[in-house]
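Reader: I would like to go through this structure and ask what the descriptions rest on.

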Amino acid sequence: MRFHDLTVVPVAGDGVVAHLAGAILVVLPGPDQRDRALDLVTSARGACDAAGGLPAADLAHRFAEVITTAGEGELPPFGSLADGPRGVVLFLYGAIEAHVSGATDFRVSGDEATTWVDRVVGPDVERVVLVPLGTGPEPDANPAFELGEGVVPGSGVVLSVGAEVAVPAAPERAPAEPPPLEVEEPDTAETPAAAVEGPPPPPPPPPGEASPTPVVPFEAVSLLDPGDVEEREPLPLAVEEAPEPEDSPEVAQVEGILCSREHFNSPDALYCSSCGISMVHQTHNLVKGARPPLGFLVFDDGSTFTLDADYLMGREPEVDESAGEVRPLLLDDPDRTVSRGHAELRLVGWDVTVADRGSANGTFVWDESTSQWQRLVAGVPVPIKPGARVALGRRTFVYETPHKPHGA
Amino acid sequence: MPASRVADYELVRSLGEGSHGEAFLAIPPQRLGVDDEHVVVKVLAQTAAEDGFQRVVDQLRFVASVASPHLARLLDAGYQSGVVYYATEYYAGGSLASPSRPLERGDVLTCLAQAAHAAHALHEAGAAHRGIKPANVLIVGDEDGAVNARLADPALAPVLSPGQTTTGGERLGALEFIEPGILRGEPAGRASDIWSLGGTLHRTLSGQSIYEGPAPEDIVSAIRSILTTAPTVSGMLPPGEAALVQQCLAEDRADRFATALEFAERLEELAAVT
């Protein structure tokens, strides 16, 4: 969902619907809550104007403050949908419900929480309905009454999005982030709609005409009778020699040194990566051995990947399976700041290198000495040190390893 | 008219976020042919291409083919607009992380022993679970007060995304149940699952992490701290349980219980004494 091409259709009623800079707000006041409703709109407008685009986080903070300082039953139910750097954010308080449809359909209401509900809505959302609790997903909203910016009476709103259009992403406000980002031009082959089998969902039905929720095509496989399943060998006992996992690429041979307990280590190791014993007094005879995993990547969303193979990282990394040696590493990025095949990570001896693949927004390595992001030259692999931070568009990862001390 | 659906399941309410994505209580479609009023539908956070869905189905069919009365029953897997979901039986007793009623020490030992039997069945069939933690040991609600456990959610991340060891959906707290060797890139196996069973027993009985001190606030520090800190068994555990946990958490994989079955039997002995 992109905020700039939203169609905003208010539902008739005596609450307040506001279309502000980067946010939609619906307030449903009771008879003695009208003043609070208008205060809320003024407050939200202030937060949106101050944020200068992507107000979701500022708005949520403002609302949280208002809610925590208000007395019991003082605030009317309200809900908002606001643009943010991590996607569109839904915020609900009290007896108001949201119906979200698109790749996944769900309903959520403000009364599911004792305080409030806020949630980042996925990128593939096509329609959001904000209405009083119990109204259902098809309120009476006449598309002829489309609301541009402004504040009008209404007791709900239907937001829908047309074809997804790329718009420039607003720059991150954090100073430590890489320079302004371009948004990758989507093409027909990669729009989420292409993954849907069958026709696109029909447009919202005309007002007053009840219609069932369109069923998006799906395929299903029963697991009740699994049938013939390929038999596997029992797992080895820990004391037995573990065989190489079948799907792992051929393990490279490298030269290294053995600790006094015969664990294989990098020639630079000061301590054994397996048992932690000091390597200082070992005779440094180089021996050949199978390369152990060189560590792991920790991404900003908390996912980790083992460095026992090369990776192609991107929004839709296409890996030639016949090559068999590079794994695809898919980076979710609703803002499309990551290219489809963005950067490549290779294991070379005991080193890890990163190369940009000519991505639109570049690949950056954080330089501790200058406190700046260094943009990599496309196609030139650069070794990274343990502890290094790397940015691909708005996604970042840290390279960690047990094999070398930090800064080695 | 249902408020919201996944494929032909009617969603009733969210059951919260798991390591793979969000779980929902749902009304099953007739085509499944099950009598259950409710089932659980897990919607994977990670979108997948058609071949990714096929790999998930293969893995789930494999798990479904493992004969163990203590594995959560799998019902159905599906794919809709790039989103993968699967359905399992719903158990009303909650999990060891949030049981629907307080559990006695003996109940916890019984549940863990049953989870260990389920893990052993998986190991004998040729797969590691990789995701054993209190929230994945589900409890079957029973009127006569007896407890029964079901081990749920074998890890799908390695199937969907080769090389991935933890998913973004993991809360920081879930890291304490992952064997440090897995984070270092060692292959998952019996020993790493046995480590997780020990961490699960420790957390459930003591309410404490095996890592002392304040929990780090970000994932990178949390992982660094796990890789540099030896686990400590809480003094709150009775000696018998403490010894079992200690053996599960042995640094050298060969010093742990050789099989999850052995661990299960030791738990049963302990439960019988009380």
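Reader: What makes up the lining of the second largest pocket by class, nonpolar, polar and charged?

Author: In this predicted model, the lining has 16 nonpolar, 16 polar and 11 charged residues. The pocket itself has a volume of about 1,000 Å³. Of its 43 lining residues, the closest to the centre include B:Leu15, B:Ser95 and B:Ala135.

Reader: Which element gives the most to that lining?

Author: Strand 2 of chain B does, with four residues. Among the elements of chain B that give two or more are also strand 3 (21-27) and helix 5 (190-206).

Reader: Why is the second largest pocket said to lie between domain 1 and domain 2 of chain B?

Author: Domain 1 covers 5-89 and domain 2 covers 105-273, and both give residues to the lining, so the pocket lies between them.

Reader: What makes helix 1 and helix 2 of chain A a pair in contact?

Author: Contact means heavy atoms within 4.5 Å. Residues that make the contact include A:Leu40, A:Ala44 and A:Ala47 of helix 1 and A:Leu59, A:Phe63 and A:Val66 of helix 2. By class, the contact has eight nonpolar, two polar and three charged residues.

Reader: How do the axes of these two helices lie, and what is the handedness of the crossing?

Author: The axes of helix 1 (residues 34-51) and helix 2 (residues 56-69) of chain A come within 9 Å and cross at roughly 150 degrees. The crossing is right-handed.

Key
Residues are numbered from 1 along each chain as its sequence is written. Chains are lettered from A and ligands numbered from 1 in the order in which they are written. This is a predicted model: local features need pLDDT of at least 70, side-chain atom pairs count only at pLDDT 80 or more; totals for chains, interfaces and linings use all residues. Side-chain values use heavy atoms; hydrogens and water are left out. On a 1 Å grid over the protein atoms alone, a cavity is a set of points where a 1.4 Å probe fits but cannot get out, and a pocket is an open set with protein on both sides within 12 Å along at least five of seven lines; lining residues have an atom within 4 Å of a point. Grid points are joined across faces, edges and corners, and a volume is the space filled by probe spheres set on the points. Ala, Val, Leu, Ile, Met, Phe, Trp, Tyr, Cys and Pro count as nonpolar, Asp, Glu, Lys and Arg as charged, and the others, Gly among them, as polar. Domain bounds come from an automatic or database domain assignment. Axes are lines fitted to C-alpha atoms, for helices over the stretch in contact, and angles run from 0 to 180 degrees between N-to-C directions. A crossing is left-handed if the near helix is turned anticlockwise from the far one by less than a right angle, and right-handed if clockwise.
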